[in-house]
Protein chains: 2
Amino acid sequence: MGRSVLKFGGTSVADLDRIAHVADIVAHRARSGEALAVVVSAMAGDTNRLVSLARGAAGDAVKGDQFDDEYDVVVASGEQVTSGLLALALRRRGIAARSWLGWQMRMHTREGHGAARIDGFDQESGLADAIDGGEVAVIAGFQGVTDEGRVSTLGRGGSDTTAVAVAAALSADLCDIYTDVDGVYTTDPRIVPQARRLTKVSYEEMLEMASLGAKVLQTRSVELAMNNKVSVRVLSSFAAPEDDNPGTLVCSEEEIVEKQIVNGVTYSRDEAKVTLYGMEDKPGISARLFSLMARAGVNVDMIVQANARGQGRANMVFTCTSADSDKARAILEHHRDEGLFENLDVTRDVAKVSVIGVGMKSHTGVAETMFEALFSKNINIDVISTSEIKISVLINADYTELAVRALHTAFDLDAS
Amino acid sequence: MGRSVLKFGGTSVADLDRIAHVADIVAHRARSGEALAVVVSAMAGDTNRLVSLARGAAGDAVKGDQFDDEYDVVVASGEQVTSGLLALALRRRGIAARSWLGWQMRMHTREGHGAARIDGFDQESGLADAIDGGEVAVIAGFQGVTDEGRVSTLGRGGSDTTAVAVAAALSADLCDIYTDVDGVYTTDPRIVPQARRLTKVSYEEMLEMASLGAKVLQTRSVELAMNNKVSVRVLSSFAAPEDDNPGTLVCSEEEIVEKQIVNGVTYSRDEAKVTLYGMEDKPGISARLFSLMARAGVNVDMIVQANARGQGRANMVFTCTSADSDKARAILEHHRDEGLFENLDVTRDVAKVSVIGVGMKSHTGVAETMFEALFSKNINIDVISTSEIKISVLINADYTELAVRALHTAFDLDAS
């Protein structure tokens, strides 16, 4: 059998009991003859503890590069602990294993500390030979080493990215991301009990789902998998080792034979709508407005402008995250005297609901079906935004669950 | 000014407040122009937490070499955290600083994991240049790296040894061990309020004191300092940075001009006395007995044999640590049928009291003064053992404080 990379997140290694369970899963697969590299996160809560210590020691006075290299030294210790613990737990089960830290496997990173990007690891570190020889490599996720020999970390959620990068470098058959759900669902099962686990989902769909709030996989890890054609599987770390645990395969579109037009319905309540009334109707106003937003770090999502011709003034609506909305309001108020607009309204009682599917590329009528389904429930659409494989609408947040259920049914996603 | 090595133990870096205080001390010295390497232990309690996690993961099934390398990976993370935190706290105070981990300074160790011995660090790591250039090196104590590139730890208290090894390698003027006491005392101030802080103490005396229970410095670090002629100072980490904080200098005998005959009175309650009645009086019996003890790992300390001539049988007394006494009893009972002795008695209500001083080498009458002082208080002596610079007696534990006070006065050690 070939090489596989497994990854276990913080909740999967949260305490010794959970680590023992993970060791059982890994031991079961090792005994079946797979050559295994296992990437682990820090114990749930440990990273927060370390971040808070580092911030407490540094204080407000230390910022940016002055801070990040030592911050990384402190925070990377969390994954060092779990890699050692899992190696011990595997040996206890009679499985040959050893831990690999970022500097030992020479996991090169660039672009500074705190949110470094992986360049891949050094094949001469001996890791590949070790796993081919039957020794499980337990890799401390989330960490690497800079050209200067300093510890670096990849930023939050970086262990998914570590796993995909290792899988790419090892030409692994599979990169299995064990997590606290058993796969990727057509929608949130808390809202739609008939939601189905997807057998396969394309990278593009997964990227849209991840960026829209279905936080199963980190966006960067999916991009890296897509660029390196690594097949990623999302599956449950709570299942028993011998259980059937198929999960969801995230792969390229070509590997998916039966393409659904729509594969998922996602929603996000973390939205705010900004309405500008009486905007001056002349060139350059929008550019000025969104350059102000960009400089303040406000990420603008949907934009709609409806011009009432001949009146010289128009209304504009845009959305940003709830968290950014106060900042957006403050900047707009600050620049009000530039005469860009007459009045301003910011509301957070909105939600974004989206349907996603690669099948849209070759099918028409998706928007029609979507709007009819919402209309049939008397749900008003505020703003619409589309991409090649996604249609998103902004609606009153009170209707979120109703809209998600209606769309799930309208696109035949309910489990039979 | 020259190079200095400072070391702060676990209680000195127990939380962010204590780390801030340590940073103040280091910053104060850095500003005075010293080139500084600072060795830190893990936060008090953190090593115990990590040891307990490692043991929990490994279970009873994993022993010895099968365990120690990954144990080291887990436990060494504690010092990694404090080295990063202190570097951050120093930068906050405007002091250039960076952390150095065992693998970064190439602190080579040998003799396996868990209790490795230091071979010294690689001068080409750049550490010496860094501190000479004004950047404080914050060194993770207690850890090193093996020839195979694995993490190793030096065993408990290893950070003292790290500090002395770094001081030796850097030819530092001084190795300052900051701790929770302000120096080495003539005896335990809890028993004798008139106990005095010693200005200087020789390596040899310090070794006897350390091995007898005055746990200010780890024995191995004192040996290393003696072999490399490193001057070590023990001083308080609780004093304010600008305070006069002379501590106690541990140095070679030649540097001590005014030698006291006796410099310290120590005691240990962690003793057990084993009495064997009716031992066969023929050659080989003692050898057989102590080979049994040695093979079981029982460290025998004092031995006294009193032969009642002509009776063919004798009594023997020896001492070991309280912790070992059950093991000693079990082995002796197990071999009782060999006829080595007739009866056996193990008691733990004994204490060892010692007087220590390099002056003994050239002065007579020390034993006489000691025995008279004890006799004047009606304290019975069970066993006596002597070395070149030490006389120890075993007494009934009830008399421990009385004996210590009597000896402290008899040898003129009371502060005036």
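Here are some worked exercises on how the two chains of this model meet and on a few residues inside chain A.

The model is predicted: local features need pLDDT of at least 70, side-chain atom pairs count only at pLDDT 80 or more, and totals for chains, interfaces and linings use all residues. Residues are numbered from 1 along each chain as its sequence is written, and chains are lettered from A, with ligands numbered from 1, in the order in which they are written.

**Exercise 1. Describe the side of chain A that touches chain B.**

Step 1. Begin with the counts: 31 residues of chain A are in contact with 31 residues of chain B. Contact here means that the C-beta atoms of two residues, placed from the backbone, lie within 7 Å.

Step 2. Now look for the elements. Those of chain A that give two or more residues to this side are α1 (16-31), α2 (46-58), α3 (65-75) and α4 (77-92). Helices (H or I, at least four residues) and strands (E, at least two) are DSSP runs, numbered from the N terminus. The largest share, eleven residues, comes from α4(A).

Step 3. Sort by class: this side of chain A has 18 nonpolar, ten polar and three charged residues. Ala, Val, Leu, Ile, Met, Phe, Trp, Tyr, Cys and Pro count as nonpolar, Asp, Glu, Lys and Arg as charged, and the others, Gly among them, as polar.

**Exercise 2. Work out how chain A is superposed on chain B.**

Step 1. Two copies of a chain are related by a rotation about an axis and a shift along it. Here a rotation of 179° with 0.1 Å of shift along its axis superposes chain A on chain B, with an RMSD of 0.2 Å. That is the relation of a two-fold axis.

Step 2. Find the axis in the structure: of the residues of chain A, A:Ser77 comes closest to it, at 2.5 Å (C-alpha).

Step 3. Compare the two sides. Of the interface residues of chain A, 100% are also interface residues in chain B, so the copies meet through the same surface.

**Exercise 3. Characterise the packing of α4(B) against α2(A) and against α4(A).**

Step 1. The axes of α2(A) and α4(B) come within 7 Å and cross at roughly 30°. That makes α2(A) roughly parallel to α4(B). Axes are lines fitted to C-alpha atoms, for helices over the stretch in contact, and angles run from 0 to 180 degrees between N-to-C directions. Angles under 35 degrees count as roughly parallel, over 145 as roughly antiparallel, 65 to 115 as roughly perpendicular and the rest as oblique.

Step 2. List the partners: α2(A) brings A:Leu50, A:Leu53, A:Ala54, A:Ala57 and A:Ala58, while α4(B) brings B:Val81, B:Gly84, B:Leu85, B:Leu88, B:Ala89 and B:Arg92. By class, this contact has nine nonpolar, one polar and one charged residues.

Step 3. Turn to the α4 pair. Helices α4(A) and α4(B) pack at an angle of about 180°, with their axes 9 Å apart. That makes α4(A) roughly antiparallel to α4(B).

Step 4. In this pair, A:Ser77, A:Gln80 and A:Val81 meet B:Ser77, B:Gln80 and B:Val81. By class, the contact has two nonpolar, four polar and no charged residues.

**Exercise 4. Follow α1(A) from its span to the residue after it.**

Step 1. With 16 residues, α1(A) reaches 22 Å from its first C-alpha to its last, close to the 22 Å expected. The expected span is 1.5 Å times one less than the number of residues.

Step 2. Its buried residues are A:Ile19, A:Val22, A:Ala23, A:Ile25, A:Val26, A:Ala27 and A:Ala30. A residue is buried if 20 or more other C-beta atoms lie within 10 Å of its own, exposed if 12 or fewer, and partly exposed in between, with C-beta atoms placed from the backbone.

Step 3. These buried residues pack against β1 (3-8), β2 (35-40), α4 and β6 (136-140) of chain A, together with α2 of chain B.

Step 4. After the helix comes A:Gly33, whose phi is positive, near 100°.

**Exercise 5. Are A:Phe142 and A:Lys229 buried or exposed?**

Step 1. A:Phe142 lies in the loop between β6 and β7 (143-145) of chain A. Its phi is positive, about 75°, although A:Phe142 is not a glycine. With 30 C-beta neighbours inside 10 Å, A:Phe142 counts as buried.

Step 2. A:Lys229 sits in the loop between α8 (219-228) and β11 of chain A. Its phi is near 50°, a positive value in a residue other than glycine. With 11 C-beta neighbours inside 10 Å, A:Lys229 counts as exposed.

Key:
Least-squares fit on C-alpha atoms with pLDDT ≥ 70 in both.
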